[in-house]
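Dear colleague,

I am passing on a structure that you have not worked with before, and below it I have set out what was found. Please read the notes with the structure open beside them.

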Amino acid sequence: MDKQTDRSYYEEIVSYIKKITGYNLAVSPKDRQVIEKLIKNQIPVEIAKQLIKKEVLKYPPEKRKKFRLSSLEPKLKELSAKKAGISRQDRFTSEIPEELKDTYSRLKKLNNLWKSLPEEEKKQIINTAVEKMKKSFILSNIDRQKVLKSIIREILAERYNIK
């Protein structure tokens with residue numbers, strides 16, 4: 001984009017923010033950086049407006065004067081990744097250290113398996129896990145939910161031979 005197009009994009013976003021919030025908000029340096037990212041990533045003005053509108057509508061009308069564009073940062077990262085053809089899952093897995101990728105894939109398999117199990121089998125596994133937890137742990141010294149999840153994963157790994 002050229003400077004004139006960038007300027008008109010910037011002005012359109014700023015006037016839209018003022019219109020949608022109902023306040024004559026000053027644009028902070030952080031807000032300017034967000035607009036620059038929008039321009040740099042070549043996000044169309046209409047999509048930027050939709051993002052802003054969704055975010056502004058989360059605020060009650062009397063608090064919209066506190067709206068800042070920096071709240072769009074996570075959405076911008078997602079949009080940039082989509083544009084580059086990288087899924088959210090791929091972005092996350094690329095951040096996992098190499099030595100933990102096997103563990104991550106095992107946990108992912110176990111979680112997907114758990115989601116697909118029928119309710120009756122889930123109840124049976126939970127009951128078995130609770131019994132194991134009562135036998136093996138002092139219940140006042142543990143985080144019961146974490147221990148229970150761990151035991152359930154062990155049971156699933158044994159039953160379905162997931163390594």
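To begin with one residue of this predicted model, P60 is found in the loop that runs between α3 and α4, the latter helix covering 73–83. With a relative accessibility of 34%, P60 counts as partly exposed, because that class takes in values between 20% and 50%. Although P60 and T21 are 39 residues apart along the chain, their C-alpha atoms are separated by 9.9 Å.

As for the protein chain as a whole, its secondary structure amounts to eight helices and zero strands. Of its 163 residues, 29% are buried, and the accessible surface of the chain comes to about 11700 Å², with 51% of that belonging to carbon and sulfur atoms. When contacts between residues at least 6 apart in sequence are considered, 63% of them join residues at least 24 apart.

If the neighbours within four places in sequence are left aside, I52 is in contact with I13, Y16, I17, I20, F67, L69 and L72.

With kind regards

Definitions and conventions
Residues numbered from 1 in each chain as written. Predicted model: local features only at pLDDT ≥ 70, side-chain atom pairs only at ≥ 80, totals over all residues. Heavy atoms only, no water. Contact = heavy atoms within 4.5 Å. Helix = DSSP H or I, 4+ residues; strand = E, 2+ residues; numbered from the N terminus. Buried < 20%, exposed > 50% of the residue type's maximum accessible area, 1.4 Å probe, protein only. Areas by Shrake-Rupley, 256 points an atom, 1.4 Å probe, with all protein chains shown as cover.
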